[in-house]
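The structure is shown first.

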Amino acid sequence: MEQLIANGIIYGCIIALAAIGLSLAYRILNFANFAHGEFLTLGAYFALFFAASLDLGFLFACILAIAATAAFGVALDRLAWRPMRSSGANRTAIMILSIGVSIAIRNALIIFFRPDALRFPLPVSQGINIGGMTVTSLQVEVVLIAIAAMLLVHALLSRSTLGKSMRALADNPDLARISGINVDRVIRCTWAVSMGLAALAGIMYGLITHLNPNMGWSIILPMFAAAILGGIGNAYGAMAGGIIIGISQEISTAFLPAEYKIAVSFLIMIAVLLFRPRGLMGGG
Amino acid sequence: MANEVLSAISVCKGFGGILALDHCSIRVEEGDIVGLIGPNGAGKSTLFDVISGFLPPDAGSIVFSGREILGLPAYKIARLGLVRTFQIPRSLMRMTVLENMMLGAQGQAGERLYIPLIRRHKVMAQEKEIREKAEEILEFFDLRRMRDEYAGSLSGGQKKMLEMARALMADPRLLLLDEPFAGVNPALADRLIERIRILKEKGLSIIIIEHAIPYVLALSDELYVLNKGRVLASGRPDAVISDRRVFEAYLGEGA
Amino acid sequence: MLDYLVSIALTAGIYAIFALGLNLQWGYAGLLNFGHVAFMAMGAYVTVLLSMNGIPLLPAVLAGMILAGAAGAFLGMATLRLREDYLAIVTIGFSEILRFILLNWSSLTRGSFGLFGYPRPFQDLVGIRDYNLFLAGLVLAVLLLVYMLLETLARSPWGRVLKSIRDDEAVAISLGKNAFSYKVQALALGSAIAALSGSLLAFYLQYINPNNFQPIETFYAWIMVIMGGSGNNRGTILGALILWGFFSTTRFMEGYLSFSPTASSGARMVLIGLILIGMMMFRPQGLLGRKEELSIGK
């Protein structure tokens with residue numbers, strides 16, 4: 001059981017990072033982004049590409065990949081989301097567009113990297129024993145980095161001017177506009193943060209499993225479940241939701257065949273929507 | 001002795017610490033037009049939302065036609081004959097004016113999924129009746145020539161008229177009009193006043209929210225002034241409007 | 001030539017039925033069903049599993065439709081009181097979960113091995129040689145029936161209420177319409193129609209496995225509906241034909257270009273994604289749609 005909880009925390013940290021980005025985008029941009037899974041995948045493949053083509057060390061490749069994914073997000077805003085916003089298209093149209101983005105990115109990756117599973121060029125990590133649980137040093141690093149990233153998000157949201165502008169924009173877009181907030185800039189930054197976190201989550205997911213073009217899409221359900229569980233739009237809720245979803249999925253494998261673990265997040269999602277639609281932590 | 005159509009007693013509604021309605025009470029007698037005025041943010045539209053079931057109040061009682069309607073879903077309240085319009089006209093843009101109108105009719109058998117499939121003639125006969133009624137009401141509002149236009153292509157004033165006409169299709173007993181004169185040009189407004197009077201003569205009870213005080217004074221039998229969620233004054237329009245507190249409440253808005 | 005026409009009738013016809021179900025939900029009621037393929041899968045699997053266990057085909061098909069309709073209604077009831085995004089999230093999740101279950105419940109579905117050798121309607125009477133011709137006729141007849149049903153409903157007072165909910169739910173409610181109930185009905189009926197297309201697909205393919213029902217199938221239907229102009233049943237059928245044309249031309253071109261199979265199917269899918277993006281950005285009213293009847297937009 002402890003082992004399952006440990007696995008759940010590792011997986012949950014990844015889901016949490018992804019769900020924070022999803023939730024932020026939902027709050028600021030006001031739509032459910034179905035391409036978010038692909039942003040994870042993109043981040044992981046960027047890291048693989050940089051690690052393989054530049055001789056700079058894996059850590060640097062990862063940082064580069066996060067920056068590249070964030071930059072991609074800003075470019076995508078310029079090319080797709082912003083024209084949609086300024087033409088006054090509604091949320092549903094933008095959601096359908098996000099599906100198109102998801103399909104295009106996933107299949108572009110299939111063309112360039114083939115659909116096969118790939119691994120990061122890293123040595124196999126040694127297992128260590130902590131209180132009866134076996135975890136690899138890599139997994140410990142993943143959890144520590146995830147926690148650091150969450151603290152960073154917290155600092156960003158609560159302390160920085162950008163965080164305040166984001167909150168103002170989410171609460172009342174018209175008022176934010178009048179009060180002199182550069183809305184387009186805040187939105188670009190939101191995309192950069194959301195996609196940077198997605199890239200980080202994608203790299204981590206690739207580290208503890210492997211890479212394939214479907215990897216992000218395959219966990220879009222737990223991501224949404226985590227965001228909804230935490231009250232969609234609430235970044236802290238998304239963190240908690242991610243961990244809860246991760247642990248519940250892993251614990252379920254003690255009772256159910258492991259193939260069904262993703263169904264657990266679906267059931268949690270339905271239950272939350274039926275009985276507590278604003279999520280465990282309230283919010284939008 | 002007139003009957004009471006609506007009696008809302010001590011209605012409260014808060015939004016995150018701000019009391020939009022603070023023990024607000026309002027009564028409407030059968031066949032009366034009740035005016036509802038007050039500065040912006042006084043709670044007028046919130047009161048409409050609560051009475052029509054679109055917003056659940058925190059406390060209070062709302063009796064319509066002798067029946068407690070608090071807690072009923074909005075669509076059921078409308079079916080009882082309490083029909084509202086919206087402050088910003090909400091035409092069904094992608095439906096024609098006539099379709100907008102026909103939607104308003106109550107008791108349509110063809111609105112059940114299986115009826116149009118098995119009882120076509122009945123539905124067609126009912127549709128014909130509804131269409132005739134719709135055209136009659138459109139005529140009354142000078143909109144008949146627009147009947148095949150998309151509602152989205154109407155002018156602001158026409159949308160307001162359509163909204164009212166559509167509400168009448170439901171044969172309401174009490175009509176809640178939210179700023180019916182907003183965006184209506186003065187010439188049209190005079191004709192609208194005339195029409196609202198005709199409706200009153202036919203026995204319809206109406207509550208009107210309106211910013212343009214002259215129109216309200218011309219129509220109302222009773223006038224309520226709301227300020228900060230409370231009824232500041234109520235009674236005969238000329239008496240209420242000369243109340244110094246009312247003047248001050250509006251003055252306070254300007255300051 | 002006849003074979004060619006038969007194959008158009010079968011694939012485009014089945015997909016047209018599938019997409020008509022979505023058009024009822026999205027085009028008329030404004031519901032974001034992103035998991036439409038799940039209901040097609042339910043139709044196919046329920047029909048096949050029941051008929052393999054000796055249940056006659058007609059009740060087997062109906063059972064699939066009823067079950068899919070009930071599933072659609074349930075998902076609607078869980079989400080339709082909330083913002084429209086939730087239905088999208090939950091349906092997309094449902095379609096993935098269902099596929100997982102079909103893949104892993106091997107004792108029932110034989111997993112990715114798939115099911116085959118199941119009965120098809122009138123297979124003894126018609127014989128193998130002309131069977132596809134017969135089935136094409138059946139598909140077209142069903143398509144016509146579904147089209148007529150949906151047109152009748154769209155022009156009925158029921159359809160009028162549905163359209164009013166799509167345009168502005170608050171108006172419908174203010175006029176005494178139970179918007180929630182109508183949305184659930186549209187979801188249930190559209191899902192049942194998807195199930196019907198699933199049964200027909202199973203008859204055509206003679207072999208079903210969970211990978212026939214990938215999430216992408218849902219978005220093929222979306223493209224058909226939007227391309228033809230949401231809320232336009234004839235447009236949806238046209239959309240199905242166009243998409244069918246797209247697939248057959250790109251497959252034809254593959255023969256001349258020396259791409260690997262993964263690269264060419266990947267390229268086709270990228271194109272599908274770009275079509276969806278392009279339509280939303282530049283022509284949300286579809287090819288036939290009028291701006292006034294724009295279903296997506298302001």
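What area is buried between chain B and chain C, and what percentage of it do carbon and sulfur atoms give? In this predicted model, the buried area is about 2900 Å², and carbon and sulfur atoms contribute 61% of it. The contact involves 32 residues of chain B and 29 residues of chain C. On the chain B side, the greatest losses of area to chain C fall on B:Arg94, B:Leu113 and B:Tyr150, which together make up 27% of what that side buries.

Within chain C, helix 8 packs against helix 10. Their axes come within 10 Å and cross at roughly 105 degrees. Angles of 65 to 115 degrees count as roughly perpendicular, and helix 8 of chain C and helix 10 of chain C are therefore roughly perpendicular to each other. The residues that meet are listed below.

| Helix of chain C | Residue range | Residues in the contact |
|---|---|---|
| Helix 8 | residues 157–167 | C:Trp158, C:Val161, C:Leu162, C:Ile165 |
| Helix 10 | residues 179–205 | C:Ala179, C:Tyr182, C:Lys183, C:Gln185, C:Ala186, C:Leu189 |

By class, this contact between helix 8 and helix 10 of chain C holds eight nonpolar residues, one polar residue and one charged residue.

How many disulfides does a search of the whole structure find? The count over all chains is zero. For A:Cys13, the closest cysteine sulfur belongs to A:Cys62 and lies 16 Å away, too far for a bond, since a disulfide requires cysteine sulfur atoms within 2.5 Å. A:Cys13 has 2% relative accessibility and so counts as buried, the cut-off being under 20%.

How values were computed
Residues are numbered from 1 along each chain as its sequence is written. Chains are lettered from A and ligands numbered from 1 in the order in which they are written. This is a predicted model: local features need pLDDT of at least 70, side-chain atom pairs count only at pLDDT 80 or more; totals for chains, interfaces and linings use all residues. Side-chain values use heavy atoms; hydrogens and water are left out. Axes are lines fitted to C-alpha atoms, for helices over the stretch in contact, and angles run from 0 to 180 degrees between N-to-C directions. Helices (H or I, at least four residues) and strands (E, at least two) are DSSP runs, numbered from the N terminus. Angles under 35 degrees count as roughly parallel, over 145 as roughly antiparallel, 65 to 115 as roughly perpendicular and the rest as oblique. Contact means heavy atoms within 4.5 Å. Ala, Val, Leu, Ile, Met, Phe, Trp, Tyr, Cys and Pro count as nonpolar, Asp, Glu, Lys and Arg as charged, and the others, Gly among them, as polar. Buried means under 20% relative accessible area, exposed over 50%, partly exposed in between (1.4 Å probe, protein chains only). Buried area is the accessible area (1.4 Å probe) that two parts lose on being put together, summed over both.
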